[in-house]
Amino acid sequence: MTVSTNKTFAAGTDSPWLVGNARLTNLSGQLLGAHIAHAGLIVFWVGTTTIIEVLRFTPTKPMYEQGMILLPHLATLGWGVGNSGEVIDPYPYFVIGVLHLIASAVLGAGGLFHVFRSPAILSKNGGQVAKFHYEWNDPKQLGLILGHHLIILGLGAFLLVLKAMFFGGIYDANIGEVRLIANPTLDPEIIWGYLVGLKGGVWNSLGIASVDNLEDVIGGHIWVGGILILGGIWHILVSPFNWVRNILPIKNGEEILSYSLLSLALMAFISIPFVAYNQIVFPSEFYGEDRLVSANIQFFLGIVAFCGYIWHSWRSSKIDGA
């Protein structure tokens, strides 16, 4: 079975090292294991990098002068920060790093379980697990899986909301203090106006990145989190309409991967003006005044993801034509 799957999936390339997890495209259980293991590797990188940065962190020097990557994000969330962005207690950073290492071990164990002990195809053993088996030509089942992903993303957005509103607050660069966001903006005219660069009837070329207060930032996360959760429930309960399937046809795993990479590229490009110019989301106290290097990295990663979209779209067409 594995050899046949490899040959099917390797269509369009003579380089086996480029195939990667593509060889698991028709093995839903093993692909789930690889998916979980990848998440574990990402979380492991976060944990180890955070701890390394804590060990070499010098409180008397700005984070950006020390080449910190992750600690500025944690400081922006209000962990261990006092007035004017001064880090007064780096211990929470160490705890967060350790928690990520523990989570990476759990995810790694889950990935290994699905690779070596769980059925290679989820439908084989029946039960609740079989509900998550997929076929590329079954849009309802793919919608079920997409729905669960959207709900998890929505809950992630609400984690930031809870931290900002109830659990210690987040750092406000406008006043140089960590504070609770008691009254997030929920006015749809204000929140959705950012999508076209409008605020108070005035247009700003930075678009979403023109947000200049935490009330709007957290209010936006409430809107986005709610939409993601409702969208997830919708996709779990309702099969995709025919016109949607015509616009975004899904015939194989390569096609879904190409869509995912296109979305990733879009997120990278959207983040560029935030990283480069937005002071409320990326305070200069932690990231420095000149953040164009980070913005260039985002641009590069966006280009790589977009090239991946083109590559896997081409591979999808080769499989369909095979």
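This is a predicted model: local features need pLDDT of at least 70, side-chain atom pairs count only at pLDDT 80 or more; totals for chains, interfaces and linings use all residues.
Local features here need pLDDT of at least 70, and side-chain atom pairs count only at pLDDT 80 or more, while totals for chains, interfaces and linings use all residues. Residues are numbered from 1 along each chain as its sequence is written, and side-chain values use heavy atoms, with hydrogens and water left out.

**Exercise 1.** Work out how helix 2 and helix 4 are oriented to each other.

Step 1: Find the pair. Helix 2 covers residues 28–55 and helix 4 covers residues 91–116 (helices are DSSP runs of H or I, at least four residues, numbered from the N terminus).

Step 2: Get the geometry. They pack at an angle of about 160°, with axes 7 Å apart (axes are lines fitted to C-alpha atoms over the stretch in contact, and angles run from 0 to 180 degrees between N-to-C directions).

Step 3: Conclude. Helix 2 and helix 4 are therefore roughly antiparallel (angles over 145 degrees count as such).

**Exercise 2.** Now try helix 5 and helix 7: what is their orientation?

Step 1: Look up helix 5 at residues 139–165 and helix 7 at residues 214–237.

Step 2: Their packing angle is about 160°, and their axes lie 7 Å apart.

Step 3: So helix 5 and helix 7 are roughly antiparallel to each other.

Methods: Helices (H or I, at least four residues) and strands (E, at least two) are DSSP runs, numbered from the N terminus. Angles under 35 degrees count as roughly parallel, over 145 as roughly antiparallel, 65 to 115 as roughly perpendicular and the rest as oblique.
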